[in-house]
Amino acid sequence: MKTITRYLKIWFILNKKTMLLHFSRKFGFFVFLIGKILRFIFFITFLFFILKKTGGLGTYSSEQVILFFVVFNLISIISQMFFRGVYTFRQMVVSGNFDLVLSKPFDPLFRVVFGGFDFIDLVTIPPLVLVLFFVAQAINPSFLDVILFSLLLINSLFISFSIHTLIVSFSIITLEIDHIVMIYRDLETMARFPLEIYGPKIATFLTYFIPLGIMVSFPAKVLMGLLNWRFVLFSFLFAFIFYFVSVKFWNFALRKYTSASS
């Protein structure tokens with residue numbers, strides 16, 4: 001418990017400056033916020049009119065497709081909000097500031113991944129939760145489905161953390177992170193829709209090799225009552241193994257790191 005409290009204090013200290021920076025640029029903050037909200041509104045409107053004409057997508061109803069989209073956005077936004085530090089890590093390595101991080105008496109991975117909290121996304125999450133609530137009402141999930149959905153949502157963020165850990169590990173070894181992040185973000189957007197529409201081979205690849213299906217499709221499907229309990233157990237086991245592998249790779253990358261003074 002003392003360790004958790006200590007890292008929470010460190011997190012608040014690290015992100016205090018980020019929060020002050022956001023509020024010091026009020027016009028930029030406002031424009032960026034409006035842009036995020038409009039982007040979400042335009043896409044959900046586009047999706048609504050497309051589904052209104054077709055009545056659904058594949059074997060899924062319009063409400064189920066919207067649920068996939070909302071769950072995708074919720075996981076994506078929360079991940080970007082907490083793991084924003086990954087996007088500036090390359091500059092930290094190139095400039096030599098990562099040497100200073102390694103000299104601090106706390107886990108450098110914590111600083112790298114959680115050191116850039118995006119406070120703007122706090123405003124965009126409540127509307128998503130509200131839309132999720134209304135769409136879920138139309139599907140009418142059971143109480144158990146809601147509990148499993150909440151657990152799988154946390155599990156998805158755990159997997160997302162592991163993916164971002166792999167990304168920063170590759171950045172230490174190759175000094176490239178921008179392209180890796182963009183490739184991941186492009187692949188991630190494919191999970192806005194049910195993966196079955198891409199065909200069985202691509203769906204399998206995006207589910208198990210790049211675990212977007214486990215991250216997005218599994219929580220959405222369990223809320224619809226369409227996910228077998230074996231897949232629920234598998235998703236938790238996968239997240240644990242994936243986390244273990246990503247941390248091992250991070251430690252390997254640290255051993256390959258050469259400081260700015262080298």
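**Figure 1. K256 on helix α12 in the predicted model.** K256 lies in helix α12. This is a predicted model. K256 has a relative accessible area of 52%. Exposed means over 50%, so K256 counts as exposed. I172 sits 84 residues away from K256 in sequence. In space, the two C-alpha atoms are 7.6 Å apart. Helix α12 spans residues 229-256. Among the elements of the protein, helix α12 has the highest mean pLDDT, at 92.

**Figure 2. Overall layout of the chain.** The protein holds 12 helices and two strands. Starting at the N terminus, the order of elements is α-α-β-β-α-α-α-α-α-α-α-α-α-α. The protein has 262 residues, and 46% of them are buried. Its accessible surface comes to about 14500 Å². Carbon and sulfur atoms account for 72% of that surface. Take the contacts between residues at least 6 apart in sequence: 80% of these join residues at least 24 apart. The average pLDDT is 81. A score of at least 70 is reached by 86% of the residues. Strand β1, residues 56-57, has the lowest mean pLDDT among the elements, at 62.

**Figure 3. The largest nonpolar core.** This core has 76 residues. L67, V71, F89, F98, L132, I159 and M215 touch the most other members. Helix α3, residues 62-82, gives the most to this core, with 13 residues. L132 is one of the residues with the most core partners. Beyond four places in sequence, L132 is in contact with L67, V70, V71, L74, F149 and L223. Two of these partners, L67 and V71, are also listed among the core residues that touch the most other members.

**Figure 4. N73 on helix α3.** N73 lies in helix α3. Its relative accessibility is 13%. Buried means under 20%, so N73 counts as buried. Leaving out residues up to four places away in sequence, N73 touches F40 and L128.

**Figure 5. M224 on helix α11.** Helix α11 covers residues 212-224, and M224 lies in it. M224 counts as buried because its relative accessibility is 11%. Setting aside neighbours within four places in sequence, M224 is in contact with Y60, Q64, L67, F68 and I139. D145 is 79 residues from M224 along the chain. The C-alpha atoms of M224 and D145 are separated by 7.5 Å.

**Figure 6. H164 on helix α8.** H164 is found in helix α8, residues 143-174. H164 is buried, because its relative accessible area is 2%. Its contacts, not counting residues up to four places away in sequence, are F83, V86, Y87 and Y184.

**Figure 7. An aromatic cluster.** Six residues make up one aromatic cluster: F83, F110, F114, F158, F161 and Y243. F83, one of these members, also touches H164. Across the whole structure, a search finds 17 aromatic pairs.

**Figure 8. N140 in the loop between α7 and α8.** Helix α7 covers residues 121-139, and N140 is found in the loop between α7 and α8. N140 counts as exposed because its relative accessibility is 62%. N140 has a positive phi of about 60°. N140 is not a glycine. Most residues other than glycine have a negative phi.

Note on methods. Residues are numbered from 1 along each chain as its sequence is written. This is a predicted model: local features need pLDDT of at least 70, side-chain atom pairs count only at pLDDT 80 or more; totals for chains, interfaces and linings use all residues. Side-chain values use heavy atoms; hydrogens and water are left out. Rings of Phe, Tyr and Trp (its six-membered ring) pair if their centres lie within 6.5 Å; planes under 30 degrees apart count as stacked, over 60 as edge-to-face and the rest as tilted. pLDDT is the predictor's confidence in each residue, from 0 to 100. Helices (H or I, at least four residues) and strands (E, at least two) are DSSP runs, numbered from the N terminus. Buried means under 20% relative accessible area, exposed over 50%, partly exposed in between (1.4 Å probe, protein chains only). Contact means heavy atoms within 4.5 Å. Accessible areas come from the Shrake-Rupley method with a 1.4 Å probe; for residues, only the protein chains shown count as cover. A nonpolar core is a set of buried Ala, Val, Leu, Ile, Met, Phe, Trp, Tyr and Cys residues joined through side-chain atoms within 4.5 Å.
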